[in-house]
Amino acid sequence: QVQLVESGGGLVQAGGSLRLSCAASGNIATISTMGWYRRAPGKQRELVAEMTGRGTTNYDDSVKGRFTISRDNAKNTVFLQMNSLKLEDTAVYYCNAHVYSFGVGYNDYWGQGTQVTVSS
């Protein structure tokens, strides 16, 4: 089994910054893609940013230039630096990892979610 533990959410004023972290642990042989998704009230979950094991990144257009995803592969950890936060960034943010486990193969795992609230 694999566990993803997120941290770093909270309440911030518009224009401020937050940094999310997500650490994966358990039966991990290798992790290909790690990423962040979010679900705003009344909306479907959407991709925010993702990074492959080789460092290729993909961002939603709404966060380009404001958010930066990074990874520490040695620690199976992914980060999301969020700058210039807007009211519409308010959501529950979920970490996702595509993990190859010994004796299991590839599966997708999700964190429990961390609330990000941007106030005016």
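Colleague: Why does Arg66 count as buried?

Modeller: Arg66 has 10% relative accessibility. Buried means under 20% relative accessible area, exposed means over 50%, and partly exposed lies in between, using a 1.4 Å probe and protein chains only. Therefore Arg66 counts as buried. This is a predicted model, where local features need pLDDT of at least 70, side-chain atom pairs count only at pLDDT 80 or more, and totals for chains, interfaces and linings use all residues. Residues are numbered from 1 along each chain as its sequence is written, and side-chain values use heavy atoms, with hydrogens and water left out.

Colleague: What makes the link between Arg66 and Asp89 a polar contact?

Modeller: The distance between their side chains is 2.7 Å. A polar contact is a pair of N or O atoms within 3.5 Å; within protein, one must be able to donate a hydrogen and the other to accept it, and residues adjacent in sequence count only if both atoms are side-chain atoms. So the pair is a polar contact at 2.7 Å. The Arg66 side chain also reaches the backbone oxygen of Ser84, at 3.0 Å.

Colleague: How do you know that Asp89 and Arg38 form a salt bridge?

Modeller: Their side chains meet at 3.0 Å, N to O. A salt bridge needs a side-chain nitrogen of Lys or Arg within 4 Å of a carboxyl oxygen of Asp or Glu. So this pair qualifies. Asp89 sits in the loop between β8 and β9, Arg38 in strand β4, 51 residues apart. Strands (E, at least two residues) and helices (H or I, at least four) are DSSP runs, numbered from the N terminus. Both Asp89 and Arg38 are buried.

Colleague: Why is Glu46 called partly exposed?

Modeller: Glu46 has 33% relative accessibility, so it counts as partly exposed. Glu46 forms a salt bridge with Arg38, with the closest N and O atoms 2.8 Å apart. Arg38, at 5%, counts as buried. A network of salt bridges links Arg38, Glu46, Arg66 and Asp89.

Colleague: What makes Asp61 exposed?

Modeller: Asp61 has a relative accessible area of 60%, so it is exposed. Its side chain meets that of Lys64 in a salt bridge of 3.0 Å, N to O.

Colleague: What is meant by a nonpolar core, and how many residues has the largest one?

Modeller: A nonpolar core is a set of buried Ala, Val, Leu, Ile, Met, Phe, Trp, Tyr and Cys residues joined through side-chain atoms within 4.5 Å. The largest has 31 residues. Trp36, Leu80, Met82 and Tyr93 have the most contacts inside it. Its largest share, five residues, comes from β9.
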